[in-house]
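Open the model in your viewer and keep the sequence panel in view. The tour goes from one selection to the next and says what is found at each stop.

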Amino acid sequence: MSAAQYLQGVWSHVKPFFVNPDVREAVWKVWFNRDYTAYGELKKEDFSLENWSPADRMRLYIRKDIVSELWNYGVASAPQEIVTDPFEGKEADLQADQVIGNPGAEPGQFMNPRGIAVAGDGSLYVADTGNNRIEHLDPDGSLLQTWGSYADIAKGEAPGGTFNEPWGIAVGPDGSVYVADVWNHRIQKFTAQGEFVTMWGFFGQAETPNAFWGPRDVAVDDSGRVFVTDTGNKRVVVFDGDGNYITQFGQTGLALGEFDEPVGIALGPEGNIYIADTWNQRIQVFAETDTNLFVAQRAWDVNAWYGQSQDNKPYLAVDQQGHVFVTDPEGYRVLEFTSEGDAVRFWGDFGTQLNRFGLAGAVAVDSEGGVWVTDTGNSRLMHFTLP
């Protein structure tokens, strides 16, 4: 068929719309009212739904368990496994016995604080994330030092002592302070008084040990080894206190020893390493089976951490009895487990009261067994004494 013949055929098909008012009226009814009655009379065809000729008969099969959720039409739902919350009935109404800080940029105030670490002398180091600085406080809340300012290494220079959202913080056995400078993709080391010592790391996808993609937390053991959760690269990297590479462990996956968004890391009294494997919704426990060789020993599921927002990043701490305290940021609570993963209790809810959080950030345990929590959403520190 030539183009001219094709166009002639098209014109013969549409011409009645322009020259025949009955056809035009019938077509308008189809377009605007979906009424095919008049058009069917002109064509001498039955365009009712029962005899709709331009369509073929078809059947759609849907699983009964899906149908039962959409339409109650005598379809029994498939049996579903009931998942129980191990913390059901274990809520504790703990009231903070000490609250430090309020929102602001002045010394002693906070803006969305994250990491918190307790030094050997009982003083507190806080990653004041929103203000891009570190605050050093007495246990009573008195300000000792503050240091840091904002710089984004992606836009130019970011010398030591500048930050782009510090999240994790830890204190070494010699009093040195280590900070996970998340979006400058590096770890910074300071003296206990806040004097800059050294730093290491740059943006990368784990092509080298120092190539970080958002290091979120840091922990230091008794020998001074520095453990870094390289969250975006799904691994943990170990350095000495000066930033020299020692080893690493973990990779992307679901199996024991693999990670999906590792964030919080803490060392237990028995030497085990506890890690919040966030998007796998579990805590993994690693042990050093040979010198600098870390192998996953066990894991347990955590009924929390359902969202994958920028804020829903859990941190944890371990006390001298081996109990593990974990934040459920967007669940506005703190969870307590035994070292084997048995649920002990939880506390918190959304709010500004002494037993509530705006967003549960990080957690630390002091020498008396008290628990410090950074209430990120309300920009304050809260201390709880366990019963």
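A residue is called buried when its relative accessible area is under 20%, exposed when it is over 50%, and partly exposed in between. Keep in mind that this is a predicted model.

**Stop 1: an aromatic pair.** Select Phe 203 and Trp 213. Their rings form an edge-to-face pair, with 5.8 Å from centre to centre and 75° between the planes. Phe 203 belongs to strand E12, while Trp 213 sits in the loop between strand E13 and strand E14, ten residues apart. Is Phe 203 buried, exposed or partly exposed? Its relative accessibility is 45%, so Phe 203 counts as partly exposed. Trp 213 is also partly exposed, because its relative accessibility is 36%.

**Stop 2: a second pair.** Now select Trp 300 and Phe 337. This pair is tilted, at 5.6 Å centre to centre and 50° between the planes. Trp 300 lies in strand E21 and Phe 337 in strand E24, so the pair ties together parts that are 37 residues apart in sequence. Both Trp 300 and Phe 337 are buried.

Stop 3: In soluble globular proteins, nonpolar side chains tend to be buried together. Which residues does Phe 337 touch, leaving out those up to four places away in sequence? Among them are Phe 87, Ile 283, Trp 300, His 323 and Asp 342.

**Stop 4: rings and charges.** Select Tyr 125, Trp 147, Phe 163, Phe 190 and Phe 196, which form one aromatic cluster. Then go to Trp 167. The charged end of Arg 114 sits over the ring of Trp 167, 4.0 Å from its centre. The charged end of Arg 216 sits over the ring of Trp 167 too, 4.5 Å from its centre.

**Stop 5: two backbone angles.** Select Glu 165, in the loop between strand E7 and strand E8. Glu 165 is not a glycine, yet it has a positive phi of about 65°. With a relative accessible area of 29%, Glu 165 is partly exposed. Last, select Ser 379, in the loop between strand E27 and strand E28. Phi of Ser 379 is positive as well, near 55°. Ser 379 is buried, with a relative accessible area of 2%.

Definitions and conventions: Residues numbered from 1 in each chain as written. Predicted model: local features only at pLDDT ≥ 70, side-chain atom pairs only at ≥ 80, totals over all residues. Heavy atoms only, no water. Helix = DSSP H or I, 4+ residues; strand = E, 2+ residues; numbered from the N terminus. Buried < 20%, exposed > 50% of the residue type's maximum accessible area, 1.4 Å probe, protein only. Contact = heavy atoms within 4.5 Å. Phe/Tyr/Trp six-rings, centres within 6.5 Å; stacked < 30°, edge-to-face > 60°. Lys NZ or Arg CZ within 6 Å of the ring centre and 35° of its normal.
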